[in-house]
Amino acid sequence: LAQVGSSQVSVSENPVFVMAEGRVYNFSAGPSAMPLEVLEEVQREMVNYKGCGMSVMEMSHRSKEFMAIAAEAEKNLRDIFGVPSDYKVLMMQGGATLQFSSIPLNMLGSKGKADYLVTGQWGEKAHKECNKYGTGQLACNTKPTKFTTIPQKAEWKLDPEAAYVHYCANETVNGVEFSYTPDVGSVPLVADMSSNFCSKPIEVSKHAFIYAGIQKNLGPAGMSVGFVRPDFADGSKEMKICPTYCSWKTTGDNGSMYNTPACFTMYVMGEYLKYTKKLGGVAYWAEQSDKKSGLLYGAIDGSNGFYNCPVEKSARSRMNVPFTINGGDEALEKKFLDEAKKHKLYTLAGHRSVGGCRASLYNGLPLEGVAKLTDFMKSFMDENRK
């Protein structure tokens with residue numbers, strides 16, 4: 001055990017404990033901190049990948065070296081997440097945001113309508129995009145309560161004739177997370193898992209489509225991963241106006257290489273996946289996420305109101321923790337952000353649309369960093385409480 005301020009952290013249980021000289025604790029919401037071991041492996045192979053005489057970012061995506069990288073990345077995605085063998089694995093450019101369009105374009109079919117469980121800003125954007133191609137129905141919308149809760153299923157207005165039901169598993173801006181897989185009966189279920197992907201086991205077979213931008217928990221920006229059920233990968237529900245580049249059938253039939261993919265991003269994701277396997281899979285990240293979020297929420301809830309998280313406890317995110325200081329005192333929050341940097345605690349400002357502070361606790365951020373943050377929060381509170 002190593003003493004980190006007032007907290008004890010087990011080094012042996014935390015391979016991501018070690019920080020390189022000069023690096024800070026980066027609480028960014030994405031792109032976000034990556035495990036040092038992954039970065040160092042990429043650095044080692046940067047100029048001459050496994051003796052082939054060139055960097056991954058220089059090689060043809062059709063070369064045997066890169067085809068092997070892509071094949072291993074897909075195999076590890078399937079292994080780590082338990083993807084059924086008949087599902088297609090897609091690796092797509094455009095981030096999760098492009099999939100806001102691709103989902104209705106590939107899934108609405110003749111039904112022309114879909115349900116959206118809107119519990120934050122990203123679900124709201126996905127719903128808005130659907131209305132360009134059909135009718136996006138609000139099965140629930142928590143905007144009136146500033147996206148701080150997830151309503152009970154009894155309050156959802158689900159249409160049994162909807163083409164699909166969409167939800168955002170974790171809302172990055174608002175700090176709201178589903179702790180369960182929504183039960184929507186026989187209607188196909190779609191999940192945006194961008195900001196909690198690879199942080200816990202997921203029930204792939206209960207979804208018709210899962211998609212996630214990987215720049216939170218699995219690599220650098222530039223790509224999203226998709227798991228699509230066969231009945232939505234065959235083009236049978238694809239709208240005629242669907243651009244070729246948005247077609248899941250085209251993407252799947254071409255092994256995610258209809259055009260040049262985001263090669264280097266895919267390679268780094270592959271290294272992150274290998275590292276994840278080495279640590280024991282997503283169960284390891286789930287354990288770390290519980291420890292990190294528990295430590296931070298404990299500090300907030302134990303501050304007697306000096307710090308406050310606006311999200312209902314049952315809906316709190318393990319990934320993104322928004323909080324205000326002294327009732328939303330902007331001057332004090334600015335002071336907090338400035339002083340935090342002196343302790344190597346960076347990128348703690350809330351999203352520009354909601355203000356306050358926000359700590360994102362992705363896989364690459366070590367538990368030690370959260371212990372440092374909570375120690376700083378306690379000392380800052382003691383110095384500034386009126």
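1. Which residues in H8 meet which residues in H10? In this predicted model, Gln288, Lys291, Lys292, Leu295, Leu296, Ala299 and Ile300 in H8 meet Leu367, Val370, Ala371, Leu373, Thr374 and Met377 in H10, where contact means heavy atoms within 4.5 Å. By class, the contact of H8 with H10 has nine nonpolar, two polar and two charged residues (Ala, Val, Leu, Ile, Met, Phe, Trp, Tyr, Cys and Pro count as nonpolar, Asp, Glu, Lys and Arg as charged, and the others, Gly among them, as polar).

2. A note on how to read the model: it is predicted, local features need pLDDT of at least 70, side-chain atom pairs count only at pLDDT 80 or more, and totals for chains, interfaces and linings use all residues. Residues are numbered from 1 along each chain as its sequence is written, and side-chain values use heavy atoms, with hydrogens and water left out.

3. The axes of helix H8 (residues 282–301) and helix H10 (residues 367–384) come within 10 Å and cross at roughly 0 degrees, which makes H8 roughly parallel to H10. Here helices (H or I, at least four residues) and strands (E, at least two) are DSSP runs, numbered from the N terminus; axes are lines fitted to C-alpha atoms, for helices over the stretch in contact, and angles run from 0 to 180 degrees between N-to-C directions. Angles under 35 degrees count as roughly parallel, over 145 as roughly antiparallel, 65 to 115 as roughly perpendicular and the rest as oblique.

4. The largest pocket holds about 470 Å³ of space, and of the 21 residues that line this pocket, Pro310, Thr324, Val354, Gly355 and Gly356 lie nearest its centre. On a 1 Å grid over the protein atoms alone, a pocket is an open set with protein on both sides within 12 Å along at least five of seven lines, a cavity is a set of points where a 1.4 Å probe fits but cannot get out, and lining residues have an atom within 4 Å of a point. Grid points are joined across faces, edges and corners, and a volume is the space filled by probe spheres set on the points.

5. The largest cavity has a volume of about 190 Å³, and Met91, Met92, Gln93, Tyr245 and Thr251 lie nearest its centre among the 21 lining residues. This lining divides into twelve nonpolar, nine polar and no charged residues.

6. For the second largest cavity, of about 60 Å³, the lining has four nonpolar, two polar and three charged residues, including Tyr49, Glu72 and Lys274.
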